Amino acid sequence: MSALLYVIRKQLKNIIRGLARKPLALIGYIIIGMMMVGFLVIAIIMPSGTVRNVDSEIFSAGITGLMLVALYSGLRQGIENGSTYFRFADVNLVFTSPIRPNRVLLYGFIKRIGTSLFVVMIALFQIPNVKNNFLLADYGIWAILIAVLFYSVSFPVLGMLVYSFTSKSRERRVLVRRILDIAAVLFILFFVLTLAEKRSFGEALVAYLNTEVFSYIPVAGQISAIASAAVYGIDLNFFVNIIVFVFIIGLLITILSKLNLDYYEDVLSATEDFESRIKAKREGRDVTLQKRKVRSVKGGFSSSGAKAIFEKHMLEYRKVSFLLFFDKSTIIAVIAGIGFKFLMPDEISSGVYLTLFFSAYMLFFLVVQGKWPMELEKPYIFLIPESNARKLLYTTLTENIKNLLDGTILFIIACFIYDASIPVILLCIVSYTLYGAVYIYGDIICRRLFGSIHSKTLLIFVKLFVSLFVVLPGIILFIVIFSTLRNEFYAVLSVMLWNLFVAICLFLASMGIFRNIETTQ
Amino acid sequence: MLQVKGLAKRYNNVLAVDHISFEVKSGEIAVLLGPNGAGKSTTIKSIAGLLRFDGEILIDGHPCKSVEAKKVFGYVPETAAVYEYLTVYEHIEFIARAYRLDEGWKERAYIFLERFDMQDKVNKLGRELSKGMQQKLSICCALVINPRMVMFDEPMVGLDPKAIKELKGIFVELRNAGCAVLISTHIIDSIEEVWDKVLIMNRGKVVLSRTRKELEEKAESLEDVFFRYTEGASGL
């Protein structure tokens, strides 16, 4: 075990040393760290339930629902792929070494606790949202953070266990799949019965998910109960659930390490999947792209020159998307934009422009995961004998069209919800598309200026700050015009014109991206 | 030193390795050849103790997954994967601790690092190494344990000519020191000078097992038999 602890200790030391040698990255991490601490302080000191005081039962029902979905999908995924705590270096160097597999598993578990702390930090960002909507009990945020930590640490164990059981034979896989499907059907069936009794979907869902039986489901039930202590208060039940959870996880790990010492094969597939996800994330690619089903489509190329790049993208979209540009990101954009209206109190979300700004914020995260940067990994785009402007235009055209279509769907729905005028909705659609263009060309500028930055996560933060910096004048312009003229049309028009100006400037500045491959590294 | 008896491995309904048996003796360099999908990688991973399998694999008389077997077994995987935040030296120190090596490991490590021109890279992090350098480090990690049986999976990929030459020399030195060496490769030319025994796999089976002497007596080259047994009818 000392050898494995040596690896953990040395890696930590080298990460810190590495940061000390790169002042720019260190500053970036210090800023992120300060933001995290800031969020923690805000999360602790801010009063809860000030914006609205939603019923505690809705909170616990939401948590239980989330945990049940996570448990179902985690076990389903476990059947196919298992789960892993390990990296390829562990497979090559640790698995083949004379260290007992149960110690190796413990090492993986310790590593997982380390990475789980990062997940907990991300959860911190959501605490103010929770506090805005729910009246939390004393030390309630700690209950949420402990639940997030427990969730992150425990679910891979379930994945590994289910895989080690089901990977032995096809019959076992079918059996576990059937058990899960029957459980899902029973879940829905009992909900329908509750619905018939309550006659209200919302009420029925809250009452159903608060049924005591769910708290007895191993792991998911305890995590749900621990998190729910955030609103119900930390009492004896909270500590009992922690003890039960620790006992169950200990038992599961014991089963995994004592009864199944031959688990290395069970984590190989998940480790390969994990490595390819990390690689895709580092290269700024969509991590789900390789997993999607590819359809065979008819029709090839009809254009030449830079337009061929556009046609290639269209061809790829037709192969992987359900309905050309309509895909998961469209659904996310629409749900986030519309969901915002319903999550915020009426006095805050009275105008469609707020959905525009919130959607524009969400759009940033969709754009940074876009597919076009994959072109920069291959040499072809650099070699095509066309002008840089045409190459850039056609390389990013599909993304811009997609943003236009996503924006159209989003704001047509928003038009009915907000009862907004058609000219304003049209301006919102164009503004949304131009926000996308600003992010796309801003992304290129960041790649050119900060391409060699220490970490891709840090690069995303840099991109976020740069994007915020360039769109901020448009928002200020909006506030000034809206507060003086009290006219939504002119205010949104000013945002649109500013975004158009910025998008053109960034486009012109980023044309050089295809001059040489070095700037993208 | 390495005994594979009736090894079979099935993925769902596909029999990737079909009850193969072979042996690599101490002081012998065996080369495992075969076209893509022949079952070489599955065989290699089974010997390395990474897969479940039917049959028996013994290293130095111990089941390949036992601690006793792993103590004397070195493995150079096809794709070198190193810890991003460990230096070259720390990788080797980790191996020394994991294998509970005696005091002499540092000396051995520096000899191998020097032979692979890595002596000035000892403080480089894994993430700062090129693919070739990672492969060299992977080889050093496998050799520093002073293995009695060592397995190389495509060891030449990514290496520069000097490193390839050095590695070939190491193969011979390992053989002379009584180590059993198993090399899996596609590049027949790369092992032409050093092999003692060839095992050709096709469609999950070992379709040929011959010593160098046996082939020389028939005046056949490794390349000739490879194509004959992987393109034509199979059978020992």
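**Two chains, one predicted model**

Chain A has 20 helices and zero strands, where helices (H or I, at least four residues) and strands (E, at least two) are DSSP runs numbered from the N terminus. This is a predicted model, in which local features need pLDDT of at least 70 and side-chain atom pairs count only at pLDDT 80 or more, while totals for chains, interfaces and linings use all residues. Residues are numbered from 1 along each chain as its sequence is written, and chains are lettered from A and ligands numbered from 1 in the order in which they are written.

Biologist: What percentage of the 521 residues in chain A is buried?

Modeller: A residue is called buried if 20 or more other C-beta atoms, placed from the backbone, lie within 10 Å of its own, exposed if 12 or fewer do, and partly exposed in between. By that rule, the buried share of the 521 residues in chain A is 35%.

Biologist: How far apart in space are A:Ala227 and A:Ala143, C-alpha to C-alpha?

Modeller: A:Ala227 lies in helix H10 (residues 220-232) of chain A, and it is buried, with 27 other C-beta atoms within 10 Å. Leaving out residues up to four places away in sequence, A:Ala227 touches A:Ile63, A:Ala143, A:Ile144 and A:Ala147, a contact meaning that the two C-beta atoms, placed from the backbone, lie within 7 Å. Although A:Ala227 and A:Ala143 are 84 residues apart in sequence, their C-alpha to C-alpha distance is 5.2 Å.

Biologist: Which strands stand at the edges of the open sheet in chain B?

Modeller: Four strands of chain B form this open sheet with antiparallel pairing, in the order E2-E1-E4-E5, and two strands count as paired if DSSP finds at least two bridges between them. Within the sheet, strand E1 (residues 2-11) and strand E4 (residues 54-59) of chain B are joined by five bridges, and B:Gln3 has B:Leu58 in E4(B) as its bridge partner. Each edge strand has a single partner strand, so one side of each is left without a neighbour in the sheet, and these edge strands are E2 (14-24) and E5 (62-63) of chain B.

Biologist: Why is strand E8 (residues 180-184) of chain B largely enclosed by the rest of the structure?

Modeller: In a regular strand the side chains alternate between the two faces of the sheet. In E8(B), B:Ala180, B:Leu182 and B:Ser184 point one way and B:Val181 and B:Ile183 the other way. Strand E3 (residues 29-33) of chain B pairs with E8(B) in the parallel sense over four bridges, and strand E7 (residues 149-153) of chain B runs parallel to E8(B) over five bridges. E8(B) is largely enclosed because its buried residues number five of five.

Biologist: How many residues of helix H5 (residues 131-144) of chain B are buried?

Modeller: The buried residues of H5(B) include B:Met133, B:Leu137 and B:Val144. They pack against helix H4 (88-94) of chain A together with several elements of chain B, among them strand E6 (73-76) and helix H3 (88-98). H5(B) is largely enclosed by the rest of the structure, and its buried residues number twelve of the 14.

Biologist: Which element gives the most to the side of chain B that touches chain A?

Modeller: Across the two chains, 26 residues of chain B are in contact with 25 residues of chain A. The elements giving two or more residues to this side of chain B are helix H2 (67-71) and H3 of chain B. The one that gives the most, with five residues, is H3(B).
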